[in-house]
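Work through the exercises below with the sequence and the model side by side. Try each task before reading its solution.

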Amino acid sequence: MANTPRKTTDSKTTGEKASSGEKESLPGPMAVLRNAREQLAELTGMTPESVSSFERTEDGWLLEIEVLELSRVPDTMSLLASYEVQLDPQGELTGYRRLRRYERGRSEPRGTGG
């Protein structure tokens, strides 16, 4: 007898999940961020240091990830790079490209200006 209500509840829960469909299967922002870092590291063999830009687009997700390209001593002379990373709505990497390369200790202005 105790199992009957559970089965009814489980079937209702399953029905609700099925009607929610695709929305529940899509990862949240934090899962996408973690997954993007892991995928970029696996593809490039380099260590992602931080995510400097993160947004949802019509096609999925667009991130800018700072990556350690070359470790030097002192650390302020290490080379970093900004990568634009594109992901589909499920969080799978669909493309990436390096935007710029810079020394850790140097600040480079973006856009116009000095």
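Two strands pair if DSSP finds at least two bridges between them. The model used here is predicted.

**Exercise 1. The sheet**

Task: Find over how many bridges β1 and β2 pair, and in which sense.

Solution: Start with β2, which covers residues 60–70. It pairs with β1 over nine bridges. The sense is antiparallel. Now locate T57: it stands opposite G60 in β2.

Task: Give the order of the strands in the sheet, and name the edge strands.

Solution: Four strands form an open sheet. The order is β1-β2-β3-β4, with antiparallel pairing. β1 (47–57) and β4 (93–103) each pair on one side only, which makes them the edge strands. From one strand to the next, the twist averages 20°.

**Exercise 2. The helix on the sheet**

Task: Determine which strands helix α3 touches.

Solution: Take residues 29–44, the span of helix α3. This helix packs on the sheet. Its contacts are with β1, β2, β3 (79–87) and β4. Then compare directions: that of α3 makes about 130° with that of β1.

**Exercise 3. Aromatic pairs**

Task: Search the whole structure for aromatic pairs; how many are there?

Solution: The search finds two.

Task: Classify the pair F54 and W61 as stacked or tilted.

Solution: The ring centres lie 5.2 Å apart. The planes meet at 25°. Planes under 30 degrees apart count as stacked, so F54 and W61 are a stacked pair. Next, check accessibility. F54 has 31% relative accessibility, so it counts as partly exposed. W61 has 4%, so it counts as buried.

Solution: Y83 belongs to strand β3 and Y96 to strand β4, so the pair ties together parts that are 13 residues apart in sequence. Y83, at 6% relative accessibility, counts as buried. Y96 is partly exposed, with a relative accessible area of 37%.

Definitions and conventions:
Residues are numbered from 1 along each chain as its sequence is written. This is a predicted model: local features need pLDDT of at least 70, side-chain atom pairs count only at pLDDT 80 or more; totals for chains, interfaces and linings use all residues. Side-chain values use heavy atoms; hydrogens and water are left out. Helices (H or I, at least four residues) and strands (E, at least two) are DSSP runs, numbered from the N terminus. Axes are lines fitted to C-alpha atoms, for helices over the stretch in contact, and angles run from 0 to 180 degrees between N-to-C directions. Contact means heavy atoms within 4.5 Å. Rings of Phe, Tyr and Trp (its six-membered ring) pair if their centres lie within 6.5 Å; planes under 30 degrees apart count as stacked, over 60 as edge-to-face and the rest as tilted. Buried means under 20% relative accessible area, exposed over 50%, partly exposed in between (1.4 Å probe, protein chains only).
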